[in-house]
Amino acid sequence: MKRFLTLALALCMAAGGTGLASAKSIKIGLMAPMTGSWASEGQDMKQIVELLAKDINDKGGINGDQIEILVEDDGGDPRTASLAAQRLATQGVVAVVGTYGSSVTEASQTIYDDFQIPQVANGSTAVRLTEKGLKYFFRTCPRDDEQGRVAAGTLEKMGFKKVAVLHDNTSYAKGLAEETMALLKDKGIEVVFSDALTPGERDYNAILTKMKSAGPEAVFFTGYYPEAGLLLRQKMEMNWNVPFLGGDATNNPDLVKIAGNKAAEGFYFLSPPVPQDLPAQKAKDFLAAYQKKYGAAPGSIWAVLAGDGFLAVTAAIEGAKSTKPDDLADYMHKKMKDAQGLTGTITFNDKGDRVGEVYKVYKVDAEGKFVLQP
Amino acid sequence: MEEFFQQLTNGLAVGGIYALIALGYTMVYGVLKLINFAHGDLFTLGAYLGLTLLTSLGLSDHVGPFTGASILALMVMGLVAIVGMLLERTAYRPLRESPRLSAVVSALGASIFLQNSIMLIYGAKFYVYPQDVLPRTTIEIFGVYIPLMRILILVVSLVMMAALYLFTQKTRVGTAIRAAAIDQGAAKLMGINVDRVIMLVFLIGPALGGSAGLMVGLYYGQINFTMGWIYGLKAFTAAILGGIGNIPGAMVGGLLLGVIEALGAAYISVAWKDAIAFVVLIAILIVRPKGLLGERVAEKI
């Protein structure tokens, strides 16, 4: 009996010992579209954040604590997102990374604010998200008004005088279209056509025919890549050789798959740099590790920006030496200067927007590759 | 004027597909007085099966593009017809004596079941058809551009519809279908096997829907698991517009809906396209509550 007790005691101590060594873990939430039409973005976001977290954990964690990632699926849908946000908020996360679409992020914003959990969005570019003055909201992606400026500037630089603008009535695409049109008017460029298509349809010939008869010298489409791919393909089939430009939501390799190389060739789009064009050494190392682990590079920059959101949160935990929401938010707003992210250095302004970061212009070449324009 | 004709051909191409799907709604309604909400998802299934067969068999490498596409179409139609028949057995036949509402709920459930099954089997991402299955040329007539594929879709749709019409009008089996549509009890007394008639309806309708899915895949290239919803809704509208239960009505309704949409987009607003189509539908139903080709052909015999 005595021997048994000793054994039990020893076992307890051993168990207790390992328990102590792992210390307490810091829970960080990731809200991402794991299903739905943006599922591929969400899968990349998860893989990137998990790889970064593993890297930090292997090096001993932050301030000695290990990180645990809790993933919730927002389905790319505002209603699902509000449920996902509530689930994450009740699981004791100190901060949340995500999510992709602006309308989806908007549905979760106030929930995190109510629970006082800092949120760092990665693909949500609508201007008003940070204009509401929410204390706990940040984002690593640039805003649409910046994109609108670059779009209008690019159209002017390319020498177009008559332009058509097409959106898809989502809050993101409509906002960008309106920003751009206002700027084009100031530059004296005529908008000869502006309207919205219905996303999810297959046949856009009616819209293309109507646009063609308005006689624009270029078309700026602010919607997402599935529709952009179909537009390019159907435009080619009606023998219309007008240059097409897209907003940053068309930055996805699947665009070329849908349109086909021939129809996609010559398509311009605006975007923060695609992953393989990221200048920082940290990004190059990370992408190499990512490629090694998952066998392919991340599809788009938006997923990489989720990695930046995660790095911003961990930098704040490390810098503030705290996991209290107020400390983290204060640190990110005021004290964080040039934290090292994958897409460059990260600094937030008072509104929670990232400072710096510029849109680039890309062109699709004959092989369907995205080529950075000088 | 060029723009008008261009929009007309745009509308006819979309309308041909609506019409083909509408036939499935109209046939099932004609015989069972049931709206088969799962029909749009059978259409999606056709698109997915087509892609799977296409990529796994490599048909067009062996027998030339058009023969390959025809064999493919037959296989897809056969497989979707089998699924349609199973659907009737499991979701509709047990409820045939129940109140109408039960069958409607069962149809909605079947739609959700099919859509989710497709998502779980194939994944949520959209798929892309290979682009070189059929030759992609565009012909120009007086400034109006018509892709060859579009003419092909319209011709195939019209041939299928005409064949179906002749089948129901001129053959013994077709007469049985029409008899069952008028009065199932009386048809039974006349020695018609009503169960077999219903099964036949659930073979033909889904086969046509599946072939429409295949055509959408071949022509537009991009498919995903939710595509059946919007096409199903439009085709259902087309069936009502033409007079539900009436085969030529489904054809007319489908083509008309496509053209209304295209012209609405052209001359009013692109964003209001769908709203315009539905306003026209409501207007026509106020004037002619039975739809354009109102009385069911079956009752005229």
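Buried area is the accessible area (1.4 Å probe) that two parts lose on being put together, summed over both. The views below come from a predicted model.

View 1. About 2,900 Å² is buried between chain B and chain A. Carbon and sulfur atoms give 52% of that area. The contact draws 36 residues from chain B and 33 residues from chain A. On the chain B side, Tyr220(B), Gln222(B) and Val270(B) lose the most area to chain A. Together these three make up 21% of what that side buries.

**View 2. Polar links between chain B and chain A.** Between the two chains, 17 residue pairs are in polar contact, both partners at pLDDT 80 or more. The salt bridge count is 2. In one salt bridge, Glu201(A) pairs with Lys273(B). Their closest N and O atoms lie 2.6 Å apart.

**View 3. The face that chain B turns to chain A.** Several elements of chain B each give two or more residues to this side. Among them are helix 1, strand 3 (144-147), helix 9 (194-220), strand 4 (222-223) and helix 12 (273-287). Helix 10 and helix 11 of chain B are also on that list. Helix 1 gives the most, with 5 residues. By class, the side has 20 nonpolar, 9 polar and 7 charged residues.

**View 4. The second largest cavity, lined from both chains.** The structure holds 6 cavities of 30 Å³ or more. Helix 8 (205-214) of chain A gives two or more residues to the lining, as do helix 1 (2-32), helix 10 (227-242) and helix 11 (247-267) of chain B. Helix 1 of chain B gives the most, with 4 residues. The lining has 8 nonpolar, 3 polar and 6 charged residues.

**View 5. The largest pocket, with lining residues from chain A and chain B.** About 880 Å³ of space lies in this pocket. The lining comprises 31 residues. Closest to the centre are Ser37(A), Pro199(A), Gly200(A), Asn224(B) and Thr226(B). Helix 3 (78-89), helix 4 (102-114) and helix 9 (225-237) of chain A each supply at least two lining residues. Helix 10 of chain B does likewise. The lining divides into 13 nonpolar, 12 polar and 6 charged residues.

Conventions
Residues are numbered from 1 along each chain as its sequence is written. Chains are lettered from A and ligands numbered from 1 in the order in which they are written. This is a predicted model: local features need pLDDT of at least 70, side-chain atom pairs count only at pLDDT 80 or more; totals for chains, interfaces and linings use all residues. Side-chain values use heavy atoms; hydrogens and water are left out. On a 1 Å grid over the protein atoms alone, a cavity is a set of points where a 1.4 Å probe fits but cannot get out, and a pocket is an open set with protein on both sides within 12 Å along at least five of seven lines; lining residues have an atom within 4 Å of a point. Grid points are joined across faces, edges and corners, and a volume is the space filled by probe spheres set on the points. Ala, Val, Leu, Ile, Met, Phe, Trp, Tyr, Cys and Pro count as nonpolar, Asp, Glu, Lys and Arg as charged, and the others, Gly among them, as polar. Contact means heavy atoms within 4.5 Å. A salt bridge is a side-chain nitrogen of Lys or Arg within 4 Å of a carboxyl oxygen of Asp or Glu. A polar contact is a pair of N or O atoms within 3.5 Å; within protein, one must be able to donate a hydrogen and the other to accept it, and residues adjacent in sequence count only if both atoms are side-chain atoms.
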